Amino acid sequence: MRHVIALDVGGTGMKAALVGADGALLHRARRPTGRERGPDAVVAGILDFAAELRGHGARQFGGPAAAAGVAVPGIVDEANGVAAYAANLGWRDVPLRALLADRLGAPVALGHDVRTGGLAEGRIGAGRGADRFLFVALGTGIAGAIGVDGRVEAGAHGFAGEIGHIVVRPGGIPCPCGQHGCLERFSSAAAVSEAWAAACGDPEADAADCAKAVMSGDPNAVRIWRTAVDALADGLVTALTLLDPRTLVIGGGLAEAGETLFTPLREAVRHRVTFQKLPEIVPAALGDSAGCLGAGLLAWDLLNTTDGMEVAT
């Protein structure tokens with residue numbers, strides 16, 4: 001059975017699957033990333049994991065994977081297949097596509113984790129059917145994926161979709177990127193967790209705890225949540241003014257609060273738009289499987305392109 005390897009590399013764990021031509025998940029696996037062992041060990045772990053998946057596919061389905069798709073965090077040069085930089089993994093300029101292709105003996109597509117997750121949400125998730133969508137992940141940071149006609153735009157230098165670094169509060173909280181007042185310093189799950197932990201005096205408290213306190217009417221939680229929602233609405237309106245998406249898909253840890261987030265957010269965005277067309281604002285549908293599913297789509301896209309070129313010649 002023809003299949004591909006899909007691999008989503010995160011800061012703490014790797015999710016993988018073997019994916020059939022119809023999108024069916026034929027096999028799933030997880031493994032720790034092992035970043036505490038250093039960047040070289042992380043790369044070795046990725047190669048070993050991919051080789052194990054190749055072996056499993058060969059045994060179970062009559063032959064090895066026809067291609068692989070890999071999603072990684074940080075700055076990714078997708079055109080050249082290079083994982084350029086990832087602070088949480090400690091690597092720089094890793095030719096990951098070439099390393100994997102050599103190990104697997106198959107073509108490999110390399111993608112940015114959020115853009116890859118956005119690709120999956122756009123094609124088979126919450127943005128399905130929308131010709132233009134914006135996927136925004138509210139996690140430790142905030143990143144986005146700009147969807148156009150079934151593909152995701154990486155930009156001229158691979159930086160498209162970095163909505164978390166829109167300045168929404170000029171002169172505000174310093175951001176590691178070097179600016180002050182970036183969106184992710186106010187509206188990421190990490191920012192809300194930090195603010196709520198300080199307000200309630202519990203260093204272990206997180207954004208989910210803040211959301212629960214909002215529902216119970218705690219005034220400090222309501223204030224922190226309102227600050228996050230207002231900043232997020234400002235950033236999203238800037239994005240939709242530039243991009244004019246038909247659907248706005250919100251995922252990541254903060255989106256798990258459900259209507260505690262979406263009800264005030266939809267109202268805040270609606271209140272801010274003037275001439276812009278208000279997009280449909282919906283929660284992501286694929287959860288933490290989005291990156292892996294998107295990696296599978298990258299692999300099949302690569303095969304379809306290669307097959308088409310072979311037919312043409």
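**Close-up 1. Arg151 pairs with Glu153 in a salt bridge.** In this predicted model, the closest N and O atoms of the two residues are 3.2 Å apart. A salt bridge here is a side-chain nitrogen of Lys or Arg within 4 Å of a carboxyl oxygen of Asp or Glu. Arg151 is partly exposed at 43% relative accessible area. Glu153 is also partly exposed, at 28%. The classes are buried (under 20% relative accessible area), exposed (over 50%) and partly exposed (in between), with a 1.4 Å probe and protein chains only. Across the whole structure, the search finds 15 salt bridges. Residues are numbered from 1 along each chain as its sequence is written. Because the model is predicted, local features need pLDDT of at least 70, side-chain atom pairs count only at pLDDT 80 or more, and totals for chains, interfaces and linings use all residues; side-chain values use heavy atoms, leaving out hydrogens and water.

**Close-up 2. A salt bridge joins Arg169 to Asp234.** The N to O distance is 2.8 Å. The pair links distant parts of the chain, 65 residues apart. Arg169 sits in the loop between strand E11 (151-153) and H4, while Asp234 belongs to helix H7 (residues 219-243). Helices (H or I, at least four residues) and strands (E, at least two) are DSSP runs, numbered from the N terminus. Arg169 is partly exposed at 27% relative accessibility. Asp234 is partly exposed at 24%.

**Close-up 3. Arg266 meets Glu259 in a salt bridge.** The side chains come to 3.0 Å, N to O. Arg266 has 29% relative accessibility and counts as partly exposed. Glu259, at 44%, counts as partly exposed. Elsewhere, salt bridges with shared partners join Arg169, Arg226, Asp230, Asp234 and Arg272 into one network.

**Close-up 4. The side chain of Ser188 has contacts with Glu184 and Ala191.** Ser188 lies in the loop between helix H4 (184-187) and H5. Ser188 is buried, at 1% relative accessibility. A polar atom of its side chain lies 2.8 Å from the backbone oxygen of Glu184. The Ser188 side chain also reaches the backbone nitrogen of Ala191 at 3.0 Å. Polar contacts are pairs of N or O atoms within 3.5 Å; within protein, one must be able to donate a hydrogen and the other to accept it, and residues adjacent in sequence count only if both atoms are side-chain atoms.

**Close-up 5. Asp202, Glu204, Asp206 and Asp209 form a surface patch of negative charge.** Patches are made of residues with over 30% relative accessible area and no salt bridge; like charges are joined within 9 Å, nonpolar side chains (Val, Leu, Ile, Met, Phe, Trp, Tyr) within 5 Å. Asp202 lies in the loop between helix H5 (189-200) and helix H6 (207-215). Asp202 is partly exposed at 34% relative accessible area.

**Close-up 6. Ile75, Tyr85 and Phe159 make a nonpolar surface patch.** The patch covers about 270 Å². Areas come from the Shrake-Rupley method with a 1.4 Å probe. Ile75 is in strand E5 (residues 75-77). Ile75 is partly exposed, with 34% relative accessible area.

**Close-up 7. Asp93 and Asp244 have positive phi.** Phi of Asp93 is near 50°. Asp93 lies in strand E7 (residues 91-94) and is exposed at 56% relative accessible area. Asp244 has a phi of about 50°, although it is not a glycine. Asp244 is in the loop between H7 and strand E12 (247-251) and is partly exposed at 48%.

Definitions and conventions. Lys, Arg positive; Asp, Glu negative; His and termini not counted. Charge placed at Lys NZ, Arg CZ, Asp CG, Glu CD.
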